[in-house]
Amino acid sequence: MAKPKLDKDLKRLSRLEYGLQETGRGLLPVTLCVLFLVLTGLAVASMFGFGAQWAIVIAASVVGGYMALNIGANDVANNMSPAVGSRALTIVTAVIIAAICEAAGAIIAGGDVVTTVSSRIIDPQAIGDPEVYVRSMIAALFAAALWINIATLIGAPVSTTHSVIGGVLGAGVMAAGFGAANWSMVMQIVASWVISPVFGGVVAAVFLAYIERSILNAHDKVAAARVRVPILVGIMAGAFGTYLQMKGLSQLMPVPFWLALTIGALIGVLFWLLSRPYVGQRVQIMENHKNSIGSLFTIPVIGGAALLSFAHGSNDVANAVGPLAAIYAAVAEGGWGQEVELPFWILLIGALGIAVGLLLYGPKLIRTVGSKITKLNRVRAFCVTLSAGITVIIASALGLPVSSTHIAIGSLFGVGFLRELLVNWSLSNSRTQTNVNGDPEKLKRRYLVRRSHMFTIIAAWLITVPATAAIAAVIAFALGLTGWIDFV
């Protein structure tokens, strides 16, 4: 009788030990994030002191660090997920590469001057009081960070730019009334909810259809790959050459659009010439099979993901530290303008925060985006990555507002729905049905874009601006900003 009781006690002890281990592992990232925020606050305090004048800057720096952590945990996943989903990179390698490239992009090409999001959404002069302006920016920044944190927990990639815009809108309206908002800009943002994913999806699907038709379904796949893969590599190199000039290096070497396109075209030709002998040598030992051909896209997928991360770090770091820079300018200079100086210490907070957030929490969303929306291989991952660069270029030429997050997810939807269309078409052929190995309906379901994840993501997109605006308004009200009530 004693032995069964002892076994039960041992099992309970094992479950308790396992539970404590899991709790400990879950608390470690949180502890490291808190440590990063504490060190951020102490570092800023060591520069300016703990006086009342700089207390608001110290608090804003901590909130800015929290925002950067959340950008790293959420937004960066879109760049690396195709490489991980196609197994071109392991999750650990992808996170390390992304963290290095994001930090490098932010520090090297983050820029010395930023046009604050607040000045495009809310007229600063309508607020009037610098102290009210500072408090509204803190409310906006904290609301955006909180919303991105919530989205990461439910596994939904959202646009950090839209989150900041919603926060600025809500806090600004609470501080100065509806008349202070630039509603035409808000309407452009709403339009980008449709433009970005549709553009990204169409571009990705077009390239996938071309590769399927001209290479993967060709009778002699090896011969087709020898000719066409270098062309595709050249297109990707040219697209990213142009993309980096427009978005990634614009602060270091701003160039007009036509010159960026010209330089990008020259880069594309150079990489086409360089890749021809490499591809020619590789295909000599390849089998005439789709999987063999797909391996030719491994290096372009990895290179494209790294360049996307660099461009994201240089371009989107302002989402984390732009409002912080505006707060610092208001406190240090007693005013604000269309552009504010971006000191290196603020840039460093954004760069390190994004890298730390990515390392600690990025893998979860990378797996979601890379494998749970639709199944990826190297070819499809190449199309998704290429689409990100080309779509930004097209949208910039047409003057259309787009979101890099929505482009990346839209590209995944595009390749997924094209696969679904092709499979449905092949299964509708009676000859194909008789030769399908297994249940046709089961095979068909494998190729579907997972609707549950799709609807979760779309819902998060739609409510990002109103949700962050509402959260920011509540925080602003708690901070004593009641301009909207006075306005009414």
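The model is predicted.

**Helix H19**
- H19 comprises 28 residues, 451-478, and spans 39 Å from first to last C-alpha, close to the 40 Å expected at 1.5 Å a residue.
- Ala467 is placed in H19 and is buried, its relative accessible area being 17%.
- Between the C-alpha atoms of Ala467 and Trp147 the distance is 7.5 Å, although 320 residues separate them in sequence.

**Nonpolar core**
- The largest nonpolar core holds 145 residues, of which Ile211 and Phe382 touch the most other members.
- Helix H13 (residues 298-333) contributes the most to this core, with 15 residues.
- Beyond its neighbours within four places in sequence, Ile211 contacts Leu216, Leu232, Phe297, Val379, Phe382 and Cys383.

**Aromatic pairs**
- The model contains 10 aromatic pairs.
- Phe48 and Tyr328 form a tilted pair, with 5.8 Å between centres and 45° between planes.
- Because Phe48 lies in helix H1 (residues 2-48) and Tyr328 in H13, this pair ties together parts 280 residues apart in sequence.
- Phe48 is partly exposed at 22% relative accessibility, whereas Tyr328 is buried at 18%.
- Phe48 also pairs edge-to-face with Trp345, at 5.5 Å centre to centre and 65° between the planes.
- Trp345 lies in helix H14 (residues 344-372), so its pair with Phe48 in H1 joins parts 297 residues apart in sequence.
- Trp345 is buried, with a relative accessible area of 14%.
- Ring pairs link Phe48, Trp54, Tyr328 and Trp345 into a cluster.

Notes: Residues numbered from 1 in each chain as written. Predicted model: local features only at pLDDT ≥ 70, side-chain atom pairs only at ≥ 80, totals over all residues. Heavy atoms only, no water. Helix = DSSP H or I, 4+ residues; strand = E, 2+ residues; numbered from the N terminus. Expected span 1.5 Å × (residues − 1). Buried < 20%, exposed > 50% of the residue type's maximum accessible area, 1.4 Å probe, protein only. Core = buried A, V, L, I, M, F, W, Y, C linked by side-chain atoms within 4.5 Å. Contact = heavy atoms within 4.5 Å. Phe/Tyr/Trp six-rings, centres within 6.5 Å; stacked < 30°, edge-to-face > 60°.
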